There are 2 protein chains.
Amino acid sequence: MPSFPTNVVIREVGLRDGLQSIQTMLPTKHKIEWIGDAYAAGQREIEVGSFVPARLLPQLADTAELVAYAKTLPGLVVSVLVPNLKGAERAIDSEADLLLVPLSASHEHSLANLRKTPDEVVAEVARIRAARDAAGSKTLIEGGIGTAFGCTIQGRVDQAEVLRCMQALLDAGADRVSIADTVGYAGPAAVRDLFEKARKVAGERFWCGHFHDTRGLALANVYAALETGVARFDATLAGIGGCPHAPGASGNASSEDLAFMLADMGIETGIDIPALLALRAKVARWLEGETLHGALWLAGLPKTFAVPAALNA
Amino acid sequence: MPSFPTNVVIREVGLRDGLQSIQTMLPTKHKIEWIGDAYAAGQREIEVGSFVPARLLPQLADTAELVAYAKTLPGLVVSVLVPNLKGAERAIDSEADLLLVPLSASHEHSLANLRKTPDEVVAEVARIRAARDAAGSKTLIEGGIGTAFGCTIQGRVDQAEVLRCMQALLDAGADRVSIADTVGYAGPAAVRDLFEKARKVAGERFWCGHFHDTRGLALANVYAALETGVARFDATLAGIGGCPHAPGASGNASSEDLAFMLADMGIETGIDIPALLALRAKVARWLEGETLHGALWLAGLPKTFAVPAALNA
């Protein structure tokens, strides 16, 4: 049987992938409280927002302010999403630790959502890399390959095309690549297969999986990915978000459920689950009326769950 | 990487494990329609009820009638739960194909729920085996080991005790043994570990896993179990049920979500998923107001999902 990573990072993307599809406008002060509480609960990588034009996503218009706050927290890896060079320049100016450029492996989804072909996104990544290097910036560039398991518009997406895009992103200067099941089409056998091949293409530079829970398979998919050695996963508190273009979408992998699964597997995440559940309850109050997800908040931790003494104090 | 079974049986236990914790009384004619539709959708193993005293579980008082109907469907494996020898005698009289005797590996849960110690249940299985053999009956005897991953009353349940109970059931004459996560405490690493060991104890006689979705891990647990070669899983349509003694329980593995996961993995189940979803919608109408679970019914099948031509006609 394959072994599992001993340490796994849950990258919290609720403030970006979660909030971008939520109607309730969350005030900046609440977002700052969220980031602070997540940090206090042990989360060390947070995607705080997206440098897109404010008119397109007013919910995320305060991203620069959030990066500035998050950068004050020692050891926190602060990431942002950027759709293009202009956004990347703002990310570099803000001194974000990492900027993620989404690429859609589905040609049709790419045109519909990004108004670019996958290869045009690759070319943009090359320009972003040049700008980053010219600025002497340390901001890492991650190419995030979405619709990697299929697409609601185009349907099938060839595995070969996903891997080709991955190699092209690396060749264009991406420091990291990741794979996302944007519309919740992935099952665990497909994940295991694609992630094994992606590891062969990118080695340690393939570093993150992003799963939506549209058909209830997010955690099974994480488990399958763990067996391939991938040790970083995007998730959102209360499972908020998911692709707004995916009909019937039932959210992202929930951070708290994922943290529980990993802890139960004996994998270290650094997360204090009771503290994360307390934050979830707070965010749930802020987002009253919005659809939330996850199971652990309702069931609670098992009686047998060992909370480390230091955390339980 | 471990391989998966090529064929997997989803044993529908909604009519027993599902309905027993549901308030709405489902009339016998609806249960018969459910069994008939499940059979038409390709399900070939159904637990139709439980031979317990009607005053304890009035919802399941029509079990004999359901067995009689289910036995008219060619190739359907009809199973029932029985708590003791008296129930087993009724199961044998009814000519059920299989009777499942629950044993709780948690001593305290066993006393609270069955009013017997695990070893007293083992002794009862020996009596049931003698009665079955004396009757010249072909009804298979399955010992189902519950609370195998922990218990809400006792807390920790030792793996060694689960395996000891399994060996004792086999020694007492059980033809089959299975493992259930009665209270939803299992995670996939624990499943993989215990199921590998259980296969060593019982070989092919260890044949079924039963997972509750209390903490959202039922499908991840099935995936982990598949890697150990186990090829039969209990599930309930719409995820109904789960242990009534498990607070906050969020149901069983949902039959339709599990069928989708397996189909997506290329594993044959014989199930026509659109037909199963149609049955789910019917059962949801019958059980209006009850808490249902699952994700596929809302999201629908992916655009890329290939429905076999014969089923799509």
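This is a predicted model: local features need pLDDT of at least 70, side-chain atom pairs count only at pLDDT 80 or more; totals for chains, interfaces and linings use all residues.
I'll start with extent. The size of an interface is often given as the accessible area lost when the parts come together. Here, chain A and chain B bury about 3,500 Å² between them, and carbon and sulfur atoms give 64% of that. Three residues, A:Met1, A:Arg192 and A:Arg215, account for 21% of what chain A buries against chain B, more than any other three. By residue, the contact takes 45 from chain A and 44 from chain B.

Next, the specific pairings. There are 2 salt bridges between the chains. One of the residues involved is B:Arg192, which forms a salt bridge with A:Glu227; their closest N and O atoms are 3.0 Å apart.

Which helices of chain A each supply at least two residues of the side that touches chain B? They are α8 (188-202), α9 (218-226), α10 (255-264) and α12 (296-299). The largest share, 5 residues, comes from α8(A). In composition, the side of chain A that touches chain B has 25 nonpolar, 11 polar and 9 charged residues.

Last, symmetry. Two copies of a chain are related by a rotation about an axis and a shift along it. In this model, chain A superposes on chain B by a rotation of 180° with 0.0 Å of shift along the axis, at an RMSD of 0.0 Å. That is the relation of a two-fold axis. Within chain A, A:Ala220 has the C-alpha nearest the axis, 1.9 Å from it. Both copies use the same surface, since 98% of the contact residues of chain A recur in chain B.

Technical notes:
Residues are numbered from 1 along each chain as its sequence is written. Chains are lettered from A and ligands numbered from 1 in the order in which they are written. Side-chain values use heavy atoms; hydrogens and water are left out. Contact means heavy atoms within 4.5 Å. Buried area is the accessible area (1.4 Å probe) that two parts lose on being put together, summed over both. A salt bridge is a side-chain nitrogen of Lys or Arg within 4 Å of a carboxyl oxygen of Asp or Glu. Helices (H or I, at least four residues) and strands (E, at least two) are DSSP runs, numbered from the N terminus. Ala, Val, Leu, Ile, Met, Phe, Trp, Tyr, Cys and Pro count as nonpolar, Asp, Glu, Lys and Arg as charged, and the others, Gly among them, as polar. Copies are superposed by least squares on the C-alpha atoms of residues with pLDDT of at least 70 in both.
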